[in-house]
Amino acid sequence: MGDDSKWVVITGVTRGLGRALARAFADEGWRVAGCGRSEDALSSLTEELGETHRFAALDVSDTAAVAAWGEEVMAAHGAPHLLINNAALINSNAPLWEVPAEEIDRLFAVNLAGVCHVIRAWVPAMVARRRGVIVNLSSGWGRSTAPEVAPYCASKWGIEGLSRSLAQELPAGMAAVPLNPGIIHTEMLSEAFGAGAASYPKPGEWVKRAMPLLLGLGPEHNGRPMTVPGS
């Protein structure tokens, strides 16, 4: 990443969707910096993709750890061209009043505060260069609602508002985009849908539709809610 190669930051790379994105960007010749909570999964990803990519074991809800990670990587490689906030949790299916308080706190700490921590760590350098795109993964449930997932819906509606507000703060030449990925057979979907999750596309299939959109994002998309085609 010390050259002029394009590079991307992806959070939540140790699970299905993030891992598929890391592989796809690496295949496109991009360098990848990613984070996740599983050291074993990160070691496996480094072994698969190579040492030119940088992966860190951290929790996005830990603002100090996120800031240190950003400082370390950008000191060597500068500001990224693309930042993808993918890390997220979903609550156990239950009416809102039955979801434990600690589960709600943890969900918002990752799904909303974590996104803010990552933006605060990486985006100032992008703004200084007046270059780059921030993609915040939303959801169909960030534009609609469903019973028994109220905290998750609220967090993704929050991502929509956060992204559009951020878009108004960025200089010309940059973009912030809330992206609905569609319904994908991930670990998270299995938690929500159970066996029914298997009827939806797996991350490896989904990423083939998502990459043309992600690679084509630019300043003209700033503040525009978008959805992966075919979702």
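1. In this predicted model, Trp7 has a relative accessible area of 2% and is therefore buried. Trp122 is also buried, with a relative accessible area of 0%.

2. Four aromatic pairs are found in a search of the whole structure. One of them joins Trp7 and Trp122: the ring centres are 5.8 Å apart and the planes stand at 70°, so the arrangement is edge-to-face. This pair connects distant parts of the chain, since Trp7 belongs to strand β1 (residues 7-11) and Trp122 to helix α4, 115 residues apart.

3. Trp122 also pairs with Trp69, in an edge-to-face arrangement with 5.0 Å from centre to centre and 80° between the planes. Here, too, distant parts of the chain are linked: Trp69 is in helix α3 (residues 63-77) and Trp122 in helix α4, 53 residues apart. Both Trp69 and Trp122 are buried. Together, Trp7, Trp69 and Trp122 make up one aromatic cluster.

4. Helix α4 (residues 101-129) also contains His117. The relative accessibility of His117 is 16%, which is under the 20% limit, so His117 counts as buried. Leaving aside residues up to four places away in sequence, His117 touches Val60, Ser61, Asp62, Thr63 and Val66.

5. Two backbone positions deserve a remark. Most residues other than glycine have a negative phi. Arg130, although not a glycine, has a positive phi of about 55°; Arg130 lies in the loop between α4 and β5 (132-137).

6. Glu148 is likewise not a glycine and has a positive phi, of about 70°. Glu148 is placed in the loop between β5 and α5 (150-169). With 39% relative accessibility, Glu148 counts as partly exposed.

Notes: Residues numbered from 1 in each chain as written. Predicted model: local features only at pLDDT ≥ 70, side-chain atom pairs only at ≥ 80, totals over all residues. Heavy atoms only, no water. Helix = DSSP H or I, 4+ residues; strand = E, 2+ residues; numbered from the N terminus. Buried < 20%, exposed > 50% of the residue type's maximum accessible area, 1.4 Å probe, protein only. Contact = heavy atoms within 4.5 Å. Phe/Tyr/Trp six-rings, centres within 6.5 Å; stacked < 30°, edge-to-face > 60°.
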